[in-house]
Each structure stands twice: as structure tokens, then as C-alpha cells.
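Here is a short briefing to read with the model open beside you. Take a look at the fold before going through the points.

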Amino acid sequence: MASLNVGNLGEYLREQRRTAQLSLRQLADAAGVSNPYLSQIERGLRKPSAEVLQQVAKALRISAETLYVRAGILDETEREELETRAVILADPSINERQKQVLLQIYDSFRKENAADAAAAAAADADATPPSS
């Protein structure tokens with residue numbers, strides 16, 4: 001069976017499993033997946049679904065978003081955005097209205113910065129002399 005292009009997900013999972021001092025069987029049981037299936041994921045032979053990655057992440061007590069990035073389901077920028085939102089929403093020291101206001105401000109800053117970056121890229125493209 002040929003290895004799939006799932007980045008270094010399998011190696012990363014194996015490293016995390018060993019760090020957690022879990023056998024393949026223990027992690028498979030904790031995540032609710034079969035031992036052979038988890039082994040195939042670690043060897044890069046299978047590409048797991050987001051649901052399976054979430055179960056494995058929970059069993060390892062690591063971020064599911066990190067696994068999504070490693071599996072190519074989510075890009076790094078999206079992961080950072082999701083983690084920022086999760087931290088804001090999980091903060092017990094502010095109320096729900098304050099959380100929503102913070103998220104709105106965060107969204108507006110991201111849109112403003114994206115627009116600025118697009119404008120700068122367009123200006124750079126216009127300033128580049130044509131090659132002959």
C-alpha cells in the first residue's frame with residue numbers, strides 16, 4: 001500500500017503517543033478506533049477523518065486543530081484563528097456580551113489587515129518593471 005500525502009501526521013502522532021507513554025493499543029482504545037487502523041495512520045497509509053483526529057487528540061490531550069493542520073485539513077492561519085477564538089470564548093472573567101464584542105473587534109482587525117496586505121501586494125506588482 002502506497003503512503004498517502006498526509007504530511008508528517010503519522011510521525012507526529014507516534015511521537016505524541018510515546019510522549020504520553022501509551023501503547024498503540026491503549027491509544028486506539030482511548031480514541032475508540034481499531035488498533036490496525038491507528039497503526040496505518042501512524043505509518044502514513046491511511047488519512048483519517050476530522051472526527052477520528054478529534055477523538056485521537058482528545059485521547060492524547062492535545063489540540064485537535066494541530067492534528068488538522070498536520071493532516072492538511074486546516075491551514076496554520078485558520079488554526080491560529082480558531083485557537084484565538086476558543087481562548088476568548090473560554091475566558092471566565094468576561095461575560096458573553098464582552099466575548100462577542102471582542103470577537104467582532106478581532107474580525108474587523110483581521111479584515112483590515114487582509115485588505116492592507118492585498119493593497120500592498122497589488123502596489124508591489126504594479127511597481128515591478130516588466131521583464132524583457
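The notes below go from the overall build to the helix contacts.

This is a predicted model, in which local features need pLDDT of at least 70, side-chain atom pairs count only at pLDDT 80 or more, and totals for chains, interfaces and linings use all residues. Residues are numbered from 1 along each chain as its sequence is written, and side-chain values use heavy atoms, with hydrogens and water left out.

**Overall build**
- The protein has seven helices and zero strands; helices (H or I, at least four residues) and strands (E, at least two) are DSSP runs, numbered from the N terminus.
- Along the sequence, the pattern reads α-α-α-α-α-α-α.
- The radius of gyration is 20 Å, whereas a compact globule of 132 residues would have one near 14 Å; the radius is taken over C-alpha atoms, and the globule rule is 2.2 Å times the number of residues to the power 0.38.
- Along the principal axes, the C-alpha atoms fill a box of roughly 55 × 55 × 20 Å.

**The annotated domain**
- An unreviewed UniProt entry carries the annotation "domain: HTH cro/C1-type" for residues 13–67; UniProt positions are given in the numbering used here, feature names are shortened, and annotations may be inferred rather than shown by experiment.
- Residues 13–67 are 69% helix and 0% strand, and their end C-alpha atoms lie 8 Å apart.

**Helix α4 with α1**
- Helix α1 (residues 9–19) packs on helix α4 (residues 50–60) at about 25 degrees, with axes 10 Å apart; axes are lines fitted to C-alpha atoms, for helices over the stretch in contact, and angles run from 0 to 180 degrees between N-to-C directions.
- That angle makes α1 roughly parallel to α4 (angles under 35 degrees count as roughly parallel, over 145 as roughly antiparallel, 65 to 115 as roughly perpendicular and the rest as oblique).
- Leu9, Leu13, Gln16 and Arg17 of α1 meet Leu53, Val56 and Leu60 of α4, where contact means heavy atoms within 4.5 Å.
- By class, this contact of α1 with α4 has five nonpolar, one polar and one charged residues (Ala, Val, Leu, Ile, Met, Phe, Trp, Tyr, Cys and Pro count as nonpolar, Asp, Glu, Lys and Arg as charged, and the others, Gly among them, as polar).

**Helix α4 with α5**
- α4 and helix α5 (residues 64–71) pack at about 135 degrees, with axes 8 Å apart.
- The two helices, α4 and α5, are therefore oblique to each other.
- On α4, Ala50, Leu53, Gln54, Val56 and Ala57 meet Ala64, Leu67, Tyr68 and Ala71 on α5.
- The contact of α4 with α5 has eight nonpolar, one polar and no charged residues.

**Helix α4 with α2**
- The axes of helix α2 (residues 24–31) and α4 come within 8 Å and cross at roughly 115 degrees.
- Leu27, Ala30 and Ala31 in α2 touch Gln55, Val56, Ala59 and Leu60 in α4.
- Residues in the contact of α2 with α4 divide into six nonpolar, one polar and no charged.
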